[in-house]
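Here is a short briefing to read alongside the model. Take a look at the sequence and the structure first, and then we can walk through them together.

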Amino acid sequence: AEQSRDVVRGTVSYKELATIEDELPRARTVYAQTGAVVQSMSRAVVSGNALDGNRAKQAVTEITDSVIRNPDAMMLLVTMREKAVETLNRATQVSVYMTVFGRFLQLARDQLELLGLVGLLQDVGMLKLPPGLAERRGNLSGADAELFKTHIAHSVEILSKTTGLPA
């Protein structure tokens, strides 16, 4: 168990570079901008267009910058917005959670950005599901449960057509 912990844990020691009071306004802006990127991705998926991988990577870079400066500010925003969880908000939340977790594990910045990108894009296929299905996750009939599982294949298809993502 000790050996596997060393494999997961990085060596980067992060110091808080900003107080939560200083970081919170910047984190709000980043959170809002990331929400706009996610909405743009949603429109692209619904209309059958490719995602803009470079724009997604830029959003994650800004989340990572904020988390490195002070992870508490971004976590506070995510926690405040958890009350109204939607697929679009969830993508930003998962991206923040994964970036903060990577920081806790002391991973290098490029690994933080990769975790954030995975979090942002991991459920993009949900946007191809019939309206209302994703929100009923815990209460699905057999047929609906099978339909829900198709979001994984949709995600793979969408991301395979997305340029600007790491291989």
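In which helix of the protein chain is confidence lowest, and in which is it highest? Confidence is lowest in helix α1 (residues 2-8), with a mean of 58, and highest in α3, with a mean of 95. The score here is pLDDT, the predictor's confidence in each residue, from 0 to 100. This is a predicted model, in which local features need pLDDT of at least 70 and side-chain atom pairs count only at pLDDT 80 or more, while totals for chains, interfaces and linings use all residues. Residues are numbered from 1 along each chain as its sequence is written, and side-chain values use heavy atoms, with hydrogens and water left out.

**Overall picture**

- The protein chain has a mean pLDDT of 84, and 89% of its residues reach 70 or more.
- Seven helices and zero strands make up the element count of the protein chain; helices (H or I, at least four residues) and strands (E, at least two) are DSSP runs, numbered from the N terminus.
- The protein chain has 167 residues, of which 37% count as buried; buried means under 20% relative accessible area, exposed over 50%, and partly exposed in between (1.4 Å probe, protein chains only).
- If you take the contacts (heavy atoms within 4.5 Å) between residues at least 6 apart in sequence, 75% join residues at least 24 apart.

- Helix α2 has 27 residues, which should span 39 Å at 1.5 Å a residue, and its end C-alpha atoms are 37 Å apart, which agrees. The expected span is 1.5 Å times one less than the number of residues in the helix.
- Among the buried residues of α2 are E23, L24, V30, V37 and M41.
- After α2 comes G48, whose phi is positive, near 80°.
- Helix α6, with 13 residues, reaches 18 Å from its first C-alpha to its last, close to the 18 Å expected.
- Buried residues in α6 include L112, G116, L117 and L120.

**Salt bridges**

- A salt bridge here is a side-chain nitrogen of Lys or Arg within 4 Å of a carboxyl oxygen of Asp or Glu, and by this rule the count comes to seven.
- E23, R26 and R69 are linked in a network of salt bridges.
- An α-helix has 3.6 residues a turn, so residues three or four places apart point the same way.
- Why does E23 count as buried, and R26 as partly exposed? E23 counts as buried because its relative accessibility is 0%, whereas R26 counts as partly exposed because its value is 38%.
- R69 also forms a salt bridge with E23, the closest N and O atoms being 2.6 Å apart. This pair links distant parts of the chain, with R69 in helix α3 (residues 53-69) and E23 in helix α2, 46 residues apart.
- Another salt bridge joins the side chains of D123 and R90 (2.6 Å, N to O). This pair, too, links distant parts of the chain: D123 is in the loop between α6 (109-121) and α7 (142-160), and R90 is in helix α5 (residues 87-104), 33 residues apart.
- D123 counts as buried because its relative accessibility is 14%, while R90, at 24%, counts as partly exposed.

**N70 in its loop**

- You will find N70 in the loop between α3 and α4 (71-81), where N70 is buried, with a relative accessible area of 1%.
- A polar atom of the N70 side chain lies 2.9 Å from the backbone oxygen of A18.
- Not counting residues up to four places away in sequence, N70 touches E16, A18, T19, I20 and E23.

**Nonpolar cores**

- A nonpolar core is a set of buried Ala, Val, Leu, Ile, Met, Phe, Trp, Tyr and Cys residues joined through side-chain atoms within 4.5 Å.
- The largest nonpolar core has 15 residues, and M41, L51, A56, L120 and L121 touch the most other members. Helices α2, α3 and α6 each supply at least two residues of this core, and its largest share, five residues, comes from α2.
- A56 touches V37, M41, L117, L120 and L121, leaving out residues up to four places away in sequence.
- A second, separate core of twelve residues includes V30, I63, A73 and V96.

Note on methods
A polar contact is a pair of N or O atoms within 3.5 Å; within protein, one must be able to donate a hydrogen and the other to accept it, and residues adjacent in sequence count only if both atoms are side-chain atoms.
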